[in-house]
Amino acid sequence: MRIVAPVSSTSEVEMLLHHGADELYLGLATPEWETRFGHHLWMNRRSSSQANFSSWQDIEEVVTLAHRKGAVVHMALNAPFYTDDALAFLLGLCRKAVEKTGIDSIIVSDINLLVRLAGEALPVRIHLSSLGSCFNARSADFYRSLGVRRIILPRQLGLSDIRRIVAASGSNMEFEVFALNDGCYFEEGFCRTSHSLGPFCLAQGEPSIHGSPPDGISPAFLAEGMKDLREYLWTQNNCGSSFQADGLPNGPCSLCRFGHFRDWGIHAVKIVGREASFVRKLGSIQLVKAVMDEARKGAGHEEIARLSRSLRKTPELCHKGFMCYFRE
Amino acid sequence: MELAIHLRSPEIGVEANLRPAQLVAKILEPFYGKDLHWMPPPSLHRIYMGDEFCPHRLPGPAELEAYCALSDMMGVPLTLLTPVLTDDELDRCTPLFDAFADRMPQAEVVVNDWGVLSLLRAMYPSLRLAAGRVLDKGFKDPRLDLRNEAIAADDALKQMLEGTTFTRPEFQSLAQHMGIERLESDLLPYGGTKMEAPPFQRSIYFPFGYITSGRICWIASFGQPASRKFVPLKSCRGPCRELMLELHGNSFQFRVFQNGNTIFYLYTLPMMRDLLERASNGSIRLVLQGLSL
């Protein structure tokens, strides 16, 4: 299994590769895009200046450094949909990215961009973003028919669902799963909100019961539900973007399951957070690498789970399960 | 114009006797009062069952038979809505698809998952296929305040607010290739939804558009132990059948509701008037959602 790490600055590349990243992924947000398409339509799922590169030269440098160390680089163009003009713009941008920077793959979500890229047959691999909502093996087959070589599986799949998809697909498809950081209360592929207006889940306000309350549902009951929801959202938001005392990051993860992923043939695990600070990225890669080393040595599932929980140092959060990806 | 109603259970259909004027009054008046002035067609044209957001809302064998009996009694065809499904859920749905295709071979199924679509094409070629609104991606965030946007001068923003997956030729070619005959959408909150998309037939849902959804259901977690909270459930007792919440975010430009795992915006009165007027002159299908009805 390989570790896929986020990068948003050339200064992070050496650190990430040195600490165990096998693959890097990045985003691009050029001034031209913002001028043409404004601040609501993003080129990829995360669009703060902190999350993206704005210069082709920097991307070229990232790719050169990565290739020198045997690592590959993916470029995320994974907004859920693009407008007519944006799609035309992006096709040109993809050609340029492949020719000028030598990126190894493009991460796509929009079915229209996927269809267009399949027709272009550029010398680059196409990966399906988790926003592509591949929830079953037949869906994986469908995406393979469009030229997708790797699928990033959604966070709201259960473990047994992942096992079935991977087993059914055999060697015809690579699969990548989320390893660490940032959950989502909704399923990204089903969500029509925009992070350009901030996370929707944190802006829902207080609920009230519409119509007659059903038996057993009182305002007090609802308030209890809101308390749970707030706690859940806090964990999904990296426990308020906090760190453990030893500097490792808090937040959702699937570290306990690396043994399962290894045995099922998962190709790569992904660290989320292109917009994260250098320090958070460092802590994240160290944490994932420590567990990955055990998985690579052939440690058993229980052994890997024990190590993961001991590294996280948040037994109460691990026990509750709110921080776990792929719950079932 | 064709009028369909999405029922949560066949019993509700029997009780309501499915008279459009009464249904419309029951569903729309609580939101729009008497201001809508819409005279629906004298009879319904179609009944929807199942759900596009939640696997637990698909009918079981007895319920399917009751829907078929209702359909026979009313003389209107059935449409089965399907959500995104995992492989285990697809296995559990096989008896439903078998029975539906057996009972009504030419019936319509709305798919929101490419895998479900592939399965239906391969195993049940007689069923007629529609692409559901979960596949139609576009901008539906209810927090955008257009008073702060120079939309008139901004063609890029206009394209973003009016374009969706279904409006692109790439999707339309793919959909034709995959045997899809109908495209189903919401009325976009800020843009002029295109009513026609030949060669496809079109459906528009009303009076709610969907904003976001997930396989984790907060409503289903009420009163449950931590192990069953915020986790995709294998089974559900269905509290959403009776509970609908209104959400009161400070930045909302629309009334926003939650039913089960999905959040919806309510069309404004001008949107409704425009929709009903435009639909009255075309071949479009309007799908009335009662949510908790």
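Predicted model: local features only at pLDDT ≥ 70, side-chain atom pairs only at ≥ 80, totals over all residues.
Reader: Why are H1(A) and H3(A) called roughly parallel to each other?

Author: The axes of helix H1 (residues 10–18) and helix H3 (residues 56–68), both of chain A, cross at roughly 15° and come within 9 Å. An angle of roughly 15° falls under 35 degrees, and therefore H1(A) and H3(A) are roughly parallel. The crossing of these two helices is right-handed.

Reader: Which residues of H1(A) and H3(A) meet?

Author: From H1(A) come Thr10(A), Val13(A), Glu14(A) and Leu17(A), and they meet Asp58(A), Glu61(A), Val62(A), Leu65(A) and Ala66(A) of H3(A). By class, this contact holds 5 nonpolar, 1 polar and 3 charged residues.

Reader: What makes Phe243(A) partly exposed?

Author: Phe243(A) has 15 other C-beta atoms within 10 Å. A buried residue needs 20 or more, and an exposed one has 12 or fewer. The value of 15 lies in between, so Phe243(A) is partly exposed. This residue sits in the loop between helix H9 (238–241) and helix H10 (258–264) of chain A.

Reader: Which residues does Phe243(A) touch, not counting residues up to four places away in sequence?

Author: Phe243(A) touches Leu248(A), Pro249(A), Asn250(A) and Gly283(A). As for Arg312(A), its C-alpha is 9.9 Å from that of Phe243(A), while 69 residues separate the two in sequence.

Reader: Which residues of H5(A) are buried, and what covers them?

Author: Ile111(A), Asn112(A), Leu113(A), Leu114(A), Arg116(A) and Leu117(A) are buried. By the cut-off for burial, each of them therefore has 20 or more other C-beta atoms within 10 Å. The cover over these residues includes strand E3 (72–77), H4, strand E4 (105–108) and strand E5 (125–128) of chain A, together with helix H7 (169–177) of chain B. Just after H5(A), Ala121(A) takes a positive phi of about 50°.

Reader: How many residues does each chain bring to the contact between chain A and chain B?

Author: Chain A gives 59 residues and chain B gives 58. Among the elements of chain A that give two or more residues are helix H4 (84–101), helix H5 (111–120) and strand E8 (207–209). The side of chain A that touches chain B has 26 nonpolar, 18 polar and 15 charged residues.

Reader: Why do E8(A) and strand E9 of chain B count as joined?

Author: A pair of strands needs at least two bridges. E8(A) and E9(B) (residues 245–247) have 3 bridges and run antiparallel, so they meet this condition. In one bridge, Ile209(A) has Leu245(B) as its partner.

Reader: What is the order of the strands in this open sheet, and which stand at its edges?

Author: The 5 strands follow the order E8(A)-E9(B)-E10(B)-E11(B)-E8(B), with antiparallel pairing. E8(A) and strand E8 (208–213) of chain B each have a single partner strand, so one side of each is left without a neighbour in the sheet. On average, neighbouring strands here are turned by 35° against each other, direction ignored.

Reader: How is E10(B) placed between its partners?

Author: E10(B) (residues 256–259) pairs with E9(B) over 3 bridges and with E11(B) (residues 262–266) over 4 bridges, in the antiparallel sense. Phe257(B) is the bridge partner of Glu246(B) and also of Phe264(B). In a regular strand, side chains alternate between the two faces of the sheet. Val256(B) and Gln258(B) point one way from E10(B), whereas Phe257(B) and Asn259(B) point the other way, and all are buried. In the hairpin of E10(B) and E11(B), with 2 residues between the strands, Gly260(B) takes a positive phi near 60°.

Reader: What is the order of the 8 strands that close into a barrel in chain B?

Author: The order is E1-E2-E3-E4-E5-E6-E7-E12, and the pairing is parallel. Neighbouring strands of this sheet are turned by 25° against each other on average, direction ignored. Within the barrel, E5(B) (residues 128–131) and E6(B) (residues 180–186) pair in the parallel sense over 3 bridges. Leu129(B) has Ile180(B) as its bridge partner in E6(B).

Definitions and conventions. Residues numbered from 1 in each chain as written. Chains lettered and ligands numbered in written order. Axes fitted to C-alpha atoms, helices over the stretch in contact; angles between N-to-C directions. Parallel < 35°, antiparallel > 145°, perpendicular 65-115°, else oblique. Left-handed = near helix turned anticlockwise from the far one by under 90°. Contact = placed C-beta atoms within 7 Å. Nonpolar A, V, L, I, M, F, W, Y, C, P; charged D, E, K, R; others polar.
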